[in-house]
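Work through the exercises below with the structure in view. Each task is followed by a solution in steps.

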Amino acid sequence: MLKVKMMSEEGPDLFVTDDIAMSQFQVPKSWFENLSERPWTKRLSDGGKKIIQWNDGQITGMPITNPGGFGIIYNKAIFKKLGLEVPTSWNQFLEICEKIKKAGIVPVNIQLANGAEFGTTHIMHQLFANAELNRGKDADRFWQDMNTHKIKLTDVKEYEQALNQMIELKTKGYINDDFINNTFEMTQEKLGSGKVAMHPAGDFILEPPLAKYPDMDLGFFSMPFGDTPGAIALYAGVGISVNAKAAHKEAALDLIDFFASKEQQDMYMQKSPGTSVFSDIDAKPNMISNDLKRYMDKGTAFMGMFGKYEAWNDMDARKIMQEMMLGGKTPKQVLEELNAKMEIVARGKICLDGANEAVCGGGERIAQAKTADLLSLHVCRSSAGPIPCVFHIPNPIGVLLFLHQLERNER
């Protein structure tokens, strides 16, 4: 619906995307009003700016959920009981997995039930971030070459090594046997009862298990990569953006400016602990945000693949990764299939971003419109009165946070 409305220039004034950085690849960039010169952007921290800006440096969305990073969440009590330290190499990680396994505890928990990707793509994105870490000052050129298809996924040795590490965990029995049927509800019980020691994810999973097991003490570290401690893959979080052709553009901009104000953000970060993108906000930390901050401060945390690689399609990756974990594909086959799919996605994006009939043809563009994501409509309040907003159904939590946060802040 959003794509159809926007293409017919009947789109809402405000819309929400699942991830600010990823949004530059999901829909045409021309939909977004450039927010880079709004007053609140001057208050962004260097790290915060890098998280939410697009590859071209534009800022087009204001976070309405906290940004974070993919890593390994671990049960500190289990590590302490077994005398384990946070590993700094892959061999050390395997050694602690073996000790945990011998203690009758599952080392690494992942879940694939009901289409969930916890553990597969979360580990993958984190390990893939080592490709950027290893390129150092040449990282920008690396992504330019990736996005112009001078470099393919199959050309990047770190990607195959990352997948091989994941397969090694499964082969050695360090992953839960029931991963294909494992649900988030089951994961919460396993973490809280000490049946599993580690779970790959970010701080977005914390609230439900900590509500059930308030005494649980969790930490966070990067899964090692080869002989190194490894890197963290960042995500920008749900963002709210302004339609470049909004009928009430100034009112929409005012609403975002209001939520971005120091007063509102101070209240927001006290009620939603975690990482703030603003330098002047004293954010209340959650259980693992200080651990994440250490990786960000030392420069070993990078935006995930979904926010850097233009052709990336996370849904395709999730399905193929599941096949790999079930033994249906080798790491090399995964990369070959992903590369083939990304080439198709890249071609499709040409159709979505521009009216290139020679490349796409009218039928392909119509097909894309028919497969557009479903969205729900809502009305947002602003100083200029009600303005139409549209929200992505796949992330209703972020929507509710934004709609109710202003009301909560006023209480």
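**Exercise 1.** Which residues in H9 meet which residues in H15?

Solution. The model is predicted: local features need pLDDT of at least 70, side-chain atom pairs count only at pLDDT 80 or more, and totals for chains, interfaces and linings use all residues. Residues are numbered from 1 along each chain as its sequence is written, and side-chain values use heavy atoms, with hydrogens and water left out.

Step 1. Locate the helices (DSSP runs of H or I, at least four residues, numbered from the N terminus): H9 covers residues 157-171 and H15 covers residues 314-325.

Step 2. List the contacts (heavy atoms within 4.5 Å). Leu163, Met166, Ile167 and Lys170 of H9 meet Met321, Met324 and Met325 of H15.

Step 3. Sort these residues by class (Ala, Val, Leu, Ile, Met, Phe, Trp, Tyr, Cys and Pro are nonpolar; Asp, Glu, Lys and Arg are charged; the others, Gly among them, are polar). The contact has 6 nonpolar, no polar and 1 charged residues.

**Exercise 2.** At what angle do H9 and H15 pack?

Solution. The axes (lines fitted to C-alpha atoms over the stretch in contact, with angles from 0 to 180 degrees between N-to-C directions) lie 10 Å apart, at an angle of about 45°.

**Exercise 3.** Describe how H6 packs against H9.

Solution. Step 1. The axes of H6 (residues 121-128) and H9 come within 9 Å and cross at roughly 140°. H6 and H9 are therefore oblique to each other.

Step 1. Ile123, Met124, Leu127 and Phe128 of H6 touch Tyr159, Ala162, Leu163, Gln165 and Met166 of H9.

Step 2. By class, this contact has 8 nonpolar, 1 polar and no charged residues.

Conventions: Helix = DSSP H or I, 4+ residues; strand = E, 2+ residues; numbered from the N terminus. Parallel < 35°, antiparallel > 145°, perpendicular 65-115°, else oblique.
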